[in-house]
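Trainee: Could you please take a close look at one helix in this complex and explain how it sits among its surroundings?

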Amino acid sequence: MALDKNGIAKRIAQELRDRWYVNLGIGIPTLVANHIPKGISVEFQSENGILGMGPFPIEGTEDADLINAGKQTITSLPGAVFFDSSTSFSMIRGQHVQLTVLGAMEVSENGDIANWKIPGKMVKGMGGAMDLVASADNIIVAMMHTNKKGESKLLSNCSLPLTGVNCVKKVVTNLAVMDILDSGGFRLIERAPGVSVEEIKNATAGKLIVEGHVPEMSIS
Amino acid sequence: MINKEVKNAVEACKDIKSGMTIMLGGFGLCGIPENCIQTLVNKEINNLTCISNNAGVDDFGLGLLLQKRQIKKMVSSYVGENDEFERQMLSGELEVDLIPQGSLAERCRAGGAGIPAFFTPAGYGTEVGQGKEVRKFNGKPHILETALTADYAIVKAWKGDKAGNLIYKGTARNFNPPMAMAGKITIAEVEELVEPGELNPNEIHTPGIFVQHIFQGEKYEKRIEQRTVIKN
C-alpha cells in the first residue's frame, strides 16, 4: 500500500543521524520532527531565525514573536537560540546544516527541483528554498510520486521554473525511496510496503534504474 | 550619548515622501513595524518601493499599503499570503522583484556594511540568475548579487534605549538587524524605550549607530498568521 504523508515523514526520519542540524520545509517535511529515532539528538533550524525549535505550543501559551518559517506558532527547546536572517542563511550557505528536507512540485533525473512558481497561475515566491537547495550537501525531497492529475512528478526534465539545479540527492515518495545518481537517473532503493516495482515504473516519467532485488521499506 | 528619541511614528516618518525606497523589517507578520506602517497609510504617500521579505496579509501589515495602492514596487522573497497582492501583480499594477530569502538578507547586510556586491550559489541556473554574472569558486557556479540600500529602513524591536541600541525578541528579530544597517535613515519602533544604561551592552543586537530615530510604539496587535497549538 502506498504511504500516507506521515509514512513518508517516518521513512525520512530514518535518514537522521546523531548530532545533525536539520532544516525542515513546509508540509510533509515538518512531520519528520514527530518521528526522530530513539537514542539520537538532532536540532531543527527554521530559516526565519531559530535553532532548537520545539513542538507547537500548548493552547493559550502561543507567542506572536515565536514562529517557524511556515509562520506557525512554535516553542523553543532548552539550548535554543534566535538570530537574524543574515546569520540564518550564513548557517545554510556555509553548510553548517547537515540535512535539508523540502517538498517539490517536480524533480528531474539529474537532481533539478521546481517548487516555487507555476507561470500564469501561482507565484508565491521562493522564500528560502533557492538558498537551501543551492547550498546544502544533503537534500532530500519529500513528496507524492504523482500530482493531483495523476501525472508523474519525477521527470527527465522539469517543466516548471527551477528552484535549483543538480542538487537533490534523494527522493522519498508515497511509493518509493530513490537516490539520484551523479550520472543521472532515479535509482530505486526501496518500495513502499506492498507496492510493486512495476507500479513505481509506471508512475515515474524520468529514468528509473532498477538493479537486482528492491526491498520493501521497513516502517514500524 | 546622542539622543535619537522622537515622539511617535508621525514625527519619525515626517520626511518620508512619495517615490522613496523603504525597507521594512519582519517575517510574515512577526516583528513588523506596526506603528510606522499605519502612519504611512495615513500619510497617503504613494509610488513607494518597499523592500520586505513578505507583503503582509490582505488587511494587516504591508497589505494595508497595498490596499490603498501606495506601493509601486515590492522586493520580497515570499508573497503567498495576500490575495490583493496577487491580483495587482497579475494585472501588472504592481512591479514585483522576487529574491531568494538568504540573498535578500545578505543584500541588505552588504548594503549596510559597505560591500557593493557578493557571489552566492542561490539562484544559479534559475530565473533569478538570468542576466547576472556567473563565476565558479571551488568548481561551483555562483551568481553576482548587488547590495541593497534604502532611503529609509523601518525596523521593530522589543526594547531600545534613547541612544538607538536595540534588543529583539524571539523570531521577531529576522530581517530587522540587516535592514537597520542598510537605511540612509533608520527608524526603530520599540515596545519599551528606556534610558541609556538600562540595557546591558553585552546583550544589544543592533548598535545605536545604525539608528537615527527611535520611539516607543503603542497598541501593538502582533497578529498571528498561523495559530498552531496543542490542545491541553
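Mentor: Glu44(B), which comes just after helix H2(B), takes a positive phi of about 55°. The model is predicted, so local features need pLDDT of at least 70 and side-chain atom pairs count only at pLDDT 80 or more, while totals for chains, interfaces and linings use all residues. Residues are numbered from 1 along each chain as its sequence is written, chains are lettered from A and ligands numbered from 1 in the order in which they are written, and side-chain values use heavy atoms, with hydrogens and water left out.

The helix itself spans residues 34-43 of chain B; helices (H or I, at least four residues) and strands (E, at least two) are DSSP runs numbered from the N terminus. Because seven of its ten residues are buried, H2(B) is largely enclosed by the rest of the structure. Buried here means under 20% relative accessible area, with over 50% exposed and partly exposed in between (1.4 Å probe, protein chains only). The buried set consists of Glu34(B), Asn35(B), Cys36(B), Ile37(B), Thr39(B), Leu40(B) and Val41(B).

Their cover includes two helices of chain B, H1 (9-12) and H3 (63-67). Strands S1 (21-24), S8 (150-161), S10 (183-194) and S11 (213-216) of chain B also belong to this cover, where contact means heavy atoms within 4.5 Å.

As for confidence, chain B has a mean pLDDT of 97, and 100% of its residues reach 70 or more; pLDDT is the predictor's confidence in each residue, from 0 to 100. For the complex, the predictor gives an ipTM of 0.97 and a pTM of 0.97.

Turning to the other chain, chain A contains five helices and 15 strands, and 55% of its 220 residues count as buried.
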